[in-house]
Amino acid sequence: MAEPLVVFFYGLVTSLIFALYSVGFSLVFGVARVIDAAYGIWYTTAAYLVYALVTRLLLPLPVTVVVVVASMVALGISYYAVLVRGLQEKVEMIMTTFLVALMAQYLIVAIFTNFPWSIPALFPGSTQVLGVSLFNQQVAAAITAFLLLLVLWYLVYRTKMGLAIRAVAQDKEAALLMGINPDRVMAFTLALSCSLAGIAALLQAPNSVISPTMGWPMLTLAFAVVVLGGMGDFFGAIIASFIIGFSYQLITNLVNPLYSMAAALAMILLVLWLRPRGLFGRSLE
Amino acid sequence: MATATSSKPSRKTLYIAVGVVIVIALIAAAVLVVMNPFQQQQKEIVIGLSLPLTNPVGIHARKAAELAVEEINAAGGVRLKDGVYRLRLVAEDTNEMDPLIPVDQGVAAFKRLIEVHGAQVIVGGVRTDVVVAQTQLLSQYKIVYLDIESNQGIVEGKVKDDYQNYKYYFHFFGGGPKSSAGPLIIGFLQRLKDMSAKDPKMPDVSKVALLAENALWTVGLAGRPAGNSTFFKRLADLGFKLVYAELYPTTESDFSSYLAKMKAQCPGVIVFLFSGPPGIIFTKQWQDYDWSPCKKPIVFGPGLLGGFSWFWDQTQGKAQGTIWWPSTVRVQVTPKTVEFIDKFKRRYGETPNTAAIDAYDAIYVLKDALERAGTWQAEELVKALEQTDYVGVMGRIKFSRENHGLDFTYENIYRYFGQWQNGELVPVWESTWPEIKNLLIP
């Protein structure tokens, strides 16, 4: 009897975190036309930043949040200016961003070693909801992710900047003719995407162990979400996150946890085979 | 106009040139004799450390090996047939504690140690699959391999079945035919069950949950599928009931679902087999989990990291009450045990983990065997290692032609089980004790 509720609650929590993390990756592809293979390392970088600020510098939470988000925004803008701008829609893009990820990973190992670091939960303990024990930290992370997704929706669909983002995603040249500066919009999107990876790391780091390779499974996940939901599709990415999140929990709880990620990846192959443009086959519009 | 004949060097010039070459050669020879670099090279034995050098296991093992080499060299080095040799360490990073790293990296590191650094003996080994792959090359290189931390008797078995190819391998950790952790763990669980039957505050330990990482080293104890092993059949014979058994991927980052499924069965003890970072997440989540209406189960972990001093810090004290094997409890197993633990702690500021103890003992066992063999050549060294009967930090280490591994019938730190209590690993049981002592119920 408890199993459907376990799948429901854990599926909800997992999907919201997946969505928050993957939407940034999807936006970058939709707007800047960049498959950012370094996206996982931004998540890792933010997690190490959180670790350093919380456990080494002993900064309070609000200051940590501000510093991490500001750093990730700065990182996103610099990343766009130095590298991404010159690589848009080029074949070398994946290889270059992949190499950036590897170099950043080696740098992290050089600074922090391969020690599996851990930080304390901001909301320790757990609460029972309808007989299911939920970790307070995960509930807080899910609620924050939900609120941020709402803010993101508002930003993309209800603001001038959102309109500019969608315009550049549709047709860069036409947007330019309408007086939109695509460079500025793309830099903003990269900053937004990196800060989303940073916030996801802020929410997830206390639940997990911080290691230099922690970003790779997240990158795989983002790829999966984007392929399933359609490249650059905001709502598609959110729906795909829920499909993958719930499938993951279903297989973990009812079949075998060893197969959960493999099943998610098999689903992507199936979608790519049946609908190469993703389940929804549209982009930001 | 110059002719071809006039452009040839004169005989005098040739004599001068030859003379200059001879003088340079003589000076070079004199310098070489004075500096004697070849003799220096001959007077060194190079030990190759094959370890995950940025992981706590490898870091501690390297530090302990450096300590041992420093002590041996300071005490005059190693006396072989043709003189006194100094020990020198070289190291390569296998990165083997990262589950995403394939065994190839460990094999490449092993080859580099021999081919690039000129290692004459290898000390290292943590992940079983990496060690199995590396030891397939031993007969090719004819080099002795002292395995300090892999947790399976696979290669010890190969020494028996294929002596000529695997005789170079010696094992300083449990998992071999005479050092199986299984009987120790069963003994501990039996005492825990007896205790829980008498104490109403304790959970019902006869109900066992098994959670194991999906790695080669857990195959023997956990079985495949999980729970299908001689170990669990033996537990069933002793009145235990396996109520939950599952494997988790080595990249797992959330145990909520596992805990929910366990809670549905109200186990009294969770046998938790882990050696990687997810163990930290599991321990934190187990402590924070709302187990009502069940009693919080006891976590007992045969694994590598739980008994490490930094595990307490990384779990922010949530490891309180967890029980681990192996544990570097501060117990005078031999006259050298506490002395080494204190020495290591003074120098590096941390309690040494088991890899440190094994590496330290391995270097001293090697020194002992080198002196008996009178050479570092593998064929002779293997024979000398097979005569080892050495009392080290961990306990008594006795090898023979038939047994290249530890023997837990002799005193050994691996016979102890430790529980985290307020930042200290407190010994709660040793395999000869009739009952558990000083147990903290979580």
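Predicted model: local features only at pLDDT ≥ 70, side-chain atom pairs only at ≥ 80, totals over all residues.
Q: What does the secondary structure of chain A come to, and where in the order of elements do the strands stand?

A: Chain A comes to eleven helices and two strands, and if you read the elements from the N terminus on, they run α-α-α-α-β-β-α-α-α-α-α-α-α. As for overall form, the radius of gyration of chain A is 19 Å, which is close to the 19 Å that the globule rule gives for 285 residues, so the chain is as compact as a globular protein of that length. The C-alpha trace of chain A spans about 60 × 45 × 35 Å along its principal axes.

Q: How should I read burial in chain A, and is Ser26(A) buried or exposed?

A: A residue is called buried when its relative accessible area is under 20%, and by that cut-off 55% of the 285 residues of chain A count as buried. Ser26(A), which has its place in helix 1 (residues 2-32) of chain A, counts as buried because its relative accessibility is 1%. If neighbours within four places in sequence are left aside, Ser26(A) is in contact with Val226(A), Gly232(A), Asp233(A) and Ala237(A).

Q: What do the secondary structure and the C-alpha box of chain B look like in numbers?

A: Chain B comes to 18 helices and 15 strands, and its C-alpha atoms fill a box of roughly 110 × 50 × 45 Å, taken along the principal axes. Of the 442 residues of chain B, 60% count as buried. When you consider contacts in chain B with a separation of 6 or more, residues 24 or more positions apart account for 69% of them.

Q: Where in chain B is Asn353(B) found, and what does its side chain reach?

A: Asn353(B) is found in the loop between helix 16 (337-348) and helix 17 (354-373) of chain B, and its relative accessibility of 1% is why it counts as buried. The side chain of Asn353(B) reaches the backbone oxygen of Pro56(B) at 3.2 Å. Not counting residues up to four places away in sequence, Asn353(B) touches Pro56(B), Val57(B), His60(B), Phe308(B) and Thr328(B).

Methods
Residues numbered from 1 in each chain as written. Chains lettered and ligands numbered in written order. Heavy atoms only, no water. Helix = DSSP H or I, 4+ residues; strand = E, 2+ residues; numbered from the N terminus. Buried < 20%, exposed > 50% of the residue type's maximum accessible area, 1.4 Å probe, protein only. Polar contact = N/O pair within 3.5 Å; in protein donor to acceptor, adjacent residues only side chain to side chain. Contact = heavy atoms within 4.5 Å. Rg over C-alpha atoms; globule rule 2.2 N^0.38 Å.
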